[in-house]
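Dear colleague,

I am passing on a structure that you have not worked with before, and my notes on it follow below. Please read them with the model open beside you.

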Amino acid sequence: MPLHARQRCHAVLTGLVALASAAAVLSAAPPASAAETWTEVGSDRADPLTESQGLASVEVPAGSPNRYTGIGTIPLGVSSRGWNHVGDPDATRDGYYIEPYQADSGTAKMFRVQAPGGAWSEYVHTLGPGEALNNSWVAVAPSGQWMLAGEYGTMNRLLVFPTPGANPSTSPSVNLPQVSTVRLDRPVRDVQGCDFSGPTTLLCSSDDPAGTLFGVTKPLLRIDLSAQPGSTDVTGQVTALRQLPLRSRCSGTFETEGVDYDRRTGSLRVIVLSPGFCILTDSKTYRFTRG
């Protein structure tokens with residue numbers, strides 16, 4: 001979430017009076033491509049403090065609950081050092097849980113990692129030439145050794161890093177390097193979360209408000225990689241699958257957030273925050289199944 005959007009959430013959460021709302025916003029979800037169909041099967045309320053930025057299913061240890069991020073999940077000791085925004089997290093199949101952090105200014109972004117044993121560590125990445133400060137999401141490749149991360153805005157690439165903690169080449173005491181790039185065949189806008197649904201397939205939530213890239217606002221995207229990510233650049237073919245649900249008792253601007261694909265169940269979940277005051281009451285985590 002960019003700074004201006006984060007300020008909107010903070011303002012509402014600290015007592016902004018209810019915005020005028022009476023018109024229900026019911027947005028159908030026409031598929032932008034017939035390549036793959038994801039059908040909405042249910043939803044759960046998304047708490048605006050602790051479930052408003054991202055989510056991840058965790059496989060290790062067995063029976064672990066789903067993890068969420070939001071303004072209220074940032075530890076005081078982290079935010080006091082300027083890392084005041086957390087994005088959409090992910091986890092490796094062997095139990096490393098990773099949260100992406102950013103600050104309002106500076107030359108670095110941070111990845112906070114919880115090891116399978118429970119200990120936390122921080123890995124800092126110094127921005128490369130032309131790299132945006134935003135650290136919106138992370139997606140760990142199924143191998144566990146490589147991790148993708150995304151910038152906000154209109155982008156034609158995704159960034160590839162060694163997975164902090166899981167990849168033995170990484171250490172909290174040295175800079176986490178970008179090792180390669182995913183070159184997209186067409187631009188994407190305001191991607192808020194991605195997750196692998198297969199060895200070379202990503203599902204991503206876009207907060208695109210314009211709809212000029214794919215003919216639909218707030219799309220669910222699929223990105224097919226030419227090969228599994230690693231230390232060499234690969235390409236990515238982007239397809240818009242459908243518009244994400246935009247339903248609320250309030251009218252105004254919705255915000256799509258993080259995404260999670262649980263390979264154990266084949267379930268896809270995406271957070272959508274409601275406009276204005278309704279961010280407090282009817283923001284949702286929507287559930288989807290393929291077909």
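I begin with the largest pocket, where strand S14 provides the largest share of the lining, 4 residues. Strands here are DSSP runs of E with at least two residues, helices are runs of H or I with at least four, and both are numbered from the N terminus.

Before going further, please note that this is a predicted model, in which local features need pLDDT of at least 70 and side-chain atom pairs count only at pLDDT 80 or more, while totals for chains, interfaces and linings use all residues. Residues are numbered from 1 along each chain as its sequence is written, and side-chain values use heavy atoms, with hydrogens and water left out.

The largest pocket has a volume of about 250 Å³; a pocket is an open set of points on a 1 Å grid over the protein atoms alone, where a 1.4 Å probe fits, with protein on both sides within 12 Å along at least five of seven lines, and lining residues have an atom within 4 Å of a point. Its lining numbers 19 residues, of which Glu59, Arg93, Phe196, Tyr261 and Arg263 are the closest to the centre. At least two lining residues each come from S6 (90–91), S14 (191–198) and S19 (255–262).

Leaving aside neighbours within four places in sequence, Leu202 is in contact (heavy atoms within 4.5 Å) with residues including Ala139, Leu148, Cys194, Phe196 and Ile223.

Strand S19, which also contributes to the pocket lining, is mostly covered, with 8 of its 8 residues buried. S19 runs antiparallel to S20 (residues 267–273), and 6 bridges join them; two strands pair if DSSP finds at least two bridges between them. Val259 has Val270 in S20 as its bridge partner, and in the hairpin of these strands, with 4 residues between them, Gly266 takes a positive phi near 75 degrees.

Over the whole chain there are 2 helices and 21 strands, and 55% of the 291 residues count as buried.

With best wishes

Definitions and conventions:
Grid points are joined across faces, edges and corners, and a volume is the space filled by probe spheres set on the points. Buried means under 20% relative accessible area, exposed over 50%, partly exposed in between (1.4 Å probe, protein chains only).
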